[in-house]
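Me: Here are a sequence and a structure. Please take me through how to read the features, one by one.

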Amino acid sequence: MLEIENLVAGYGGVEVLRDVSVKLSAGEIVGLLGANNAGKTTLINALSGMVAPMSGRILFEGRDVTRLTPRQRVELGIVQVPEGRLVFPEMSVRENLQLGGINARAKPNRSRQMEAVLDLFPRLKERLSQDAGTLSGGEQQMLAIGRGLMAEAKLLMLDEPSLGLSPLFVKYIFDIVDRLHAEGLTILLVEQNLMLTLRHAERCYVLERGQVAIEGPSDVIKDDPRTRSAYLGL
Amino acid sequence: MSEFLQAIAQGVLIGSTYGLLALGMGLLYGVSGVVNFSHGDFISLGMFLCLALYSALSLDPYVSVFITVPVMMVLGTLVFRFLIRPMIGHQFLMIVQLTLGLSLVLQNGILMVFGGQPARTPSVVESKLMILGEVVLRVPHVIAFGVSFALAIGLFIMLRSTDFGRSIRAVHQNAHAAALMGVDVGRVQVLTFALGIGILAIAAALLLPGTPIQPTQGLRYTIITLLVVVLGGMTNFVGIMLGGLVIGISEAFGTIYLSNTLGALMPYVIFVLIMLFRPQGLTWSSSR
């Protein structure tokens, strides 16, 4: 479904990603691991079109999307749930969800999609007219994921969904992730939490200083001694 | 007492239009962080376009506005696309300089075409009066009030309950997240600027009847607009309309109770006093 070939990308002429190749099949849940500054967020921002690649190609469902704008990619179904959630604080929960479904492909089905999202997160239903800025961190993460689903994602990229959440909420969010995966959604999970990701992802890539250091099934990665060293940035 | 009521009424009527002017500036700032110092000169341009249409075709400003709005919106789109947008993200002062430069270009352009003599654009309603008890209102002011509030309410509803309005607010609250939702941030910025300039073209026609105009007046309107947005809060819709009324009323009190030159100082004096005692502006909450 997604093929990243020899991607080089960065900011202001400085390469953050060097020759990264990643593949995802439809329906897979894949983890993207790595220490701080390994390039995880840069990679998904390049997938979202927020960072222009210097070279390399990105194919989505067989189509070259390397030069498409962020809007065009969202319309194709490449949707990011950003790190830190970035909900619109002074808009109600309902308006946040409506904005999630603002792209041309998702817009006609917005009310139906909204019901599905509210069934998934009953908590949001209770807070529909409340400003998103007044929600707890966990609720904001639910809203951010719900907003991403409103966009009718085919590939959902979650950037640090466990960040700053209580263990209870982390479990809740990852149960939701498992459920979305079971329903057939393709998921790219970017996490610093090593054990959590290995438990939920089928395969993992470990990024180290902008390059793929290790890749493979989660249980193999888990026992690979290089994982720990890459992870600690040693 | 009748003078007092007269001042209040006059101030409210004109102040509503000042509020409208400031909404245009606030919207642009909200989506792009740009403070447009050529704001007043676009108003000026709108007025002189009405004058030109009167000279050429004897059109009343209230008719000309249907021509000046689209013309100015196209001009605004071009200015934003080719001058302002390339500067977004650069230092704030560079954008200030750019828009100040634009102000001088507009001002001198108008001077070149129309000359420096004060000019007037007649309208059929120009000298009509409306008498309510002891208060005498000029009909153009009443029209300005009605249209300004109708537009302000329209804008408010647009921001609250349309997808375009929600995109504007989303870009204001978090441009990065808005882009990730598939909102075309650049397009929202251009359209918002064009919308703001269209509003200015309407305000120009509303302020025109009975007002002598000259090419150098732009800065005065820019400053009045700045006073209003600072009082109301750059992106605070209700605060801005309230700020417009405060400035309008102080101006009216100044001209009715004091001499002409001293009266013109009133809005600035009131502004300084409010800023001294309520530096956070007129309304309680800092945003929204």
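Reply: Begin with contact: two residues are in contact if their C-beta atoms, placed from the backbone, lie within 7 Å. Helices (H or I, at least four residues) and strands (E, at least two) are DSSP runs, numbered from the N terminus. By that reading, Ile143(B), Ala144(B), Val147(B), Ser148(B) and Leu151(B) of helix 5 of chain B meet Ile199(B), Ile202(B), Leu206(B) and Leu207(B) of helix 8 of chain B. By class, this contact of helix 5 with helix 8 of chain B has eight nonpolar, one polar and no charged residues.

Me: What is the mean pLDDT of chain A, and of chain B?

Reply: pLDDT is the predictor's confidence in each residue, from 0 to 100. Where pLDDT is low, the predicted coordinates should not be read in detail. Chain A averages 92, with 99% of the residues scoring at least 70. For chain B the mean is 90, and 98% of its residues reach 70 or more. For the complex, the predictor gives an ipTM of 0.92 and a pTM of 0.89.

Me: At what angle do helix 5 and helix 8 of chain B pack, and how far apart are their axes?

Reply: Two packed helices are described by the angle between their axes and the distance between the axes. Axes are lines fitted to C-alpha atoms, for helices over the stretch in contact, and angles run from 0 to 180 degrees between N-to-C directions. Helix 5 (residues 139-161) and helix 8 of chain B pack at about 165°, with axes 9 Å apart. Angles under 35 degrees count as roughly parallel, over 145 as roughly antiparallel, 65 to 115 as roughly perpendicular and the rest as oblique. Helix 5 and helix 8 of chain B are therefore roughly antiparallel to each other.

Me: Is the crossing of helix 5 and helix 8 of chain B left-handed or right-handed?

Reply: A crossing is left-handed if the near helix is turned anticlockwise from the far one by less than a right angle, and right-handed if clockwise. Helix 5 of chain B passes helix 8 of chain B in a left-handed crossing.

Me: How does helix 3 of chain B pack with helix 8 of chain B?

Reply: Helix 3 (residues 61-84) and helix 8 (residues 185-207) of chain B pack at about 150°, with their axes 8 Å apart. That makes helix 3 of chain B roughly antiparallel to helix 8 of chain B. Here the crossing is right-handed. The contact includes Met72(B), Gly76(B) and Phe80(B) of helix 3 and Phe193(B), Ile197(B) and Ala201(B) of helix 8 of chain B. By class, the contact of helix 3 with helix 8 of chain B has 15 nonpolar, five polar and one charged residues.

Me: In what order do the strands of the four-stranded sheet in chain A lie?

Reply: Two strands pair if DSSP finds at least two bridges between them. The open sheet of four strands in chain A has the order 2-1-4-5, with antiparallel pairing. Strand 2 (14-24) and strand 5 (63-64) of chain A stand at the edges, each with a single partner strand, so one side of each is left without a neighbour in the sheet. Strand 1 (residues 2-11) and strand 2 of chain A pair over seven bridges; Ile4(A) has Val22(A) as its bridge partner, and Ala9(A) has Leu17(A). These two strands of chain A form a hairpin with two residues between them, and Gly12(A) in the turn has a positive phi of about 55°. Helix 1 (residues 40-48) of chain A lies across strand 1, strand 2 and strand 4 (53-60), running at about 70° to strand 2.

Me: Which strands are at the edges of the six-stranded sheet of chain A?

Reply: That open sheet has the order 6-7-8-3-9-10, with mixed pairing. Its edge strands are strand 6 (78-81) and strand 10 (211-217) of chain A. Strand 7 (residues 155-159) and strand 8 (residues 186-190) of chain A run parallel and are joined by five bridges.

Me: How many residues of chain A are in contact with chain B?

Reply: 21 residues of chain A are in contact with 17 residues of chain B. On the chain A side, helix 2 (70-76) and helix 3 (93-100) each supply at least two residues.

How values were computed. Residues are numbered from 1 along each chain as its sequence is written. Chains are lettered from A and ligands numbered from 1 in the order in which they are written. This is a predicted model: local features need pLDDT of at least 70, side-chain atom pairs count only at pLDDT 80 or more; totals for chains, interfaces and linings use all residues. Ala, Val, Leu, Ile, Met, Phe, Trp, Tyr, Cys and Pro count as nonpolar, Asp, Glu, Lys and Arg as charged, and the others, Gly among them, as polar.
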